[in-house]
Amino acid sequence: MTEAAAGPTGLEVSGLVKDYPAPAGFLRVLDGVDLQLRPGEAASVMGASGCGKSTLLFLLGAIETPSDGVVRLDGVDPHELSLDDQARFRRDRVGFVFQDHCLLPQCTALENVLAPTLPDPREGDRSRAAALLDRVGLSGRVDHLPAELSGGEKQRVAIARALVRAPRLLLCDEPTGNLDGESAAGVADLLLEAGALDEGRMVVLVTHDAELGGRFPKRYRMHGGRLTDG
Ligand SMILES: Nc1ncnc2c1ncn2[C@@H]1O[C@H](COP(=O)(O)OP(=O)(O)OP(=O)(O)O)[C@@H](O)[C@H]1O
Ligand SMILES: [Mg+2]
């Protein structure tokens, strides 16, 4: 892969279009999204249900393919990579935090954080995973199963898991949607600090929640398939 040579130039998105097939032809969900983040910047994207927020994250993380436009993370367009390199890009360069924590129910907190490292284990994975659990305030819960954790604790495990490969880009889809106010504020604090854990990390969070979105240094609104400053 050539991405290491590209250097840390940030996230550059231009003219991003996404059409989904629909009975009447296609449904245009994104219609020319532009977004630039410098290394270390964190942004929120707010907008109504169904406006395309999750779709945007799926395109940024190379889970879905754009119909048109360009995504570049540190100069690399993941949609131009081979399938193998694209899988490596998703694993090493991008971290996802979803509304539902998506933890493996039969695995402990520590095992869940380590799960993304299993296809390509490296020295220090275990100590990094333990340090991240400590960082999210769960050093006393490493051997707990998800069923033995509160909602906020589960989401904090999910954040540690998303960060275990030290991704350049952390993508968060309504990560506090299932939490009460206090737990939500704690999770938001962690996401805002995520950039500081590894220098230059960028964060994109999508949410309906104006209070959560308003805490991010850069704020965008999605409407009519485009982003505007908000
Ligand atoms: N795989 C798909 N095939 C067809 N249409 C889809 C698909 N995924 C999403 N859509 C449609 O695209 C639009 C945008 O969906 P998306 O999930 O991105 O919205 P959202 O802004 O994340 O909404 P919410 O806030 O409710 O999560 C919706 O109208 C949805 O029905
Ligand atoms: Mg969504």
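The shell around ligand 1 divides into four nonpolar residues, seven polar and one charged. Here Ala, Val, Leu, Ile, Met, Phe, Trp, Tyr, Cys and Pro count as nonpolar, Asp, Glu, Lys and Arg as charged, and the others, Gly among them, as polar. The model is predicted: local features need pLDDT of at least 70, side-chain atom pairs count only at pLDDT 80 or more, and totals for chains, interfaces and linings use all residues. Residues are numbered from 1 along each chain as its sequence is written, while chains are lettered from A and ligands numbered from 1 in the order in which they are written.

**Around ligand 1**
- The surrounding residues are Y20, L27, V29, G47, S49, G50, C51, G52, K53, S54, T55 and H208. A residue is near a molecule if its C-beta atom, placed from the backbone, lies within 6 Å of it.
- β2 (25–37) and α2 (53–60) each supply at least two residues of this shell.
- α2 gives the most, with three residues.

**The chain as a whole**
- The protein chain has eight helices and nine strands. Both are DSSP runs numbered from the N terminus: helices are H or I with at least four residues, strands are E with at least two.
- The radius of gyration is 17 Å, which agrees with the value near 17 Å for a compact globule of 230 residues. It is taken over C-alpha atoms, and the globule rule is 2.2 Å times the number of residues to the power 0.38.
- The C-alpha atoms fill a box of roughly 50 × 40 × 35 Å, taken along the principal axes.
- Buried residues make up 40% of the 230 residues. A residue is buried if 20 or more other C-beta atoms, placed from the backbone, lie within 10 Å of its own.

**The open sheet**
- Six strands form an open sheet with mixed pairing, in the order β5-β6-β7-β3-β8-β9. Two strands pair if DSSP finds at least two bridges between them.
- β5 (94–97) and β9 (226–229) stand at the edges with a single partner strand each, so one side of each is left without a neighbour in the sheet.
- β5 pairs with β6 (residues 169–173) in the parallel sense over four bridges. G95 stands opposite L170 in β6.
- β8 (residues 218–223) and β9 run antiparallel, joined by four bridges. The bridge partner of Y220 is D229 in β9.
- The hairpin of β8 and β9 has two residues between the strands, and G224 takes a positive phi near 60° there.

Key: A residue is buried if 20 or more other C-beta atoms lie within 10 Å of its own, exposed if 12 or fewer, and partly exposed in between; C-beta atoms are placed from the backbone.
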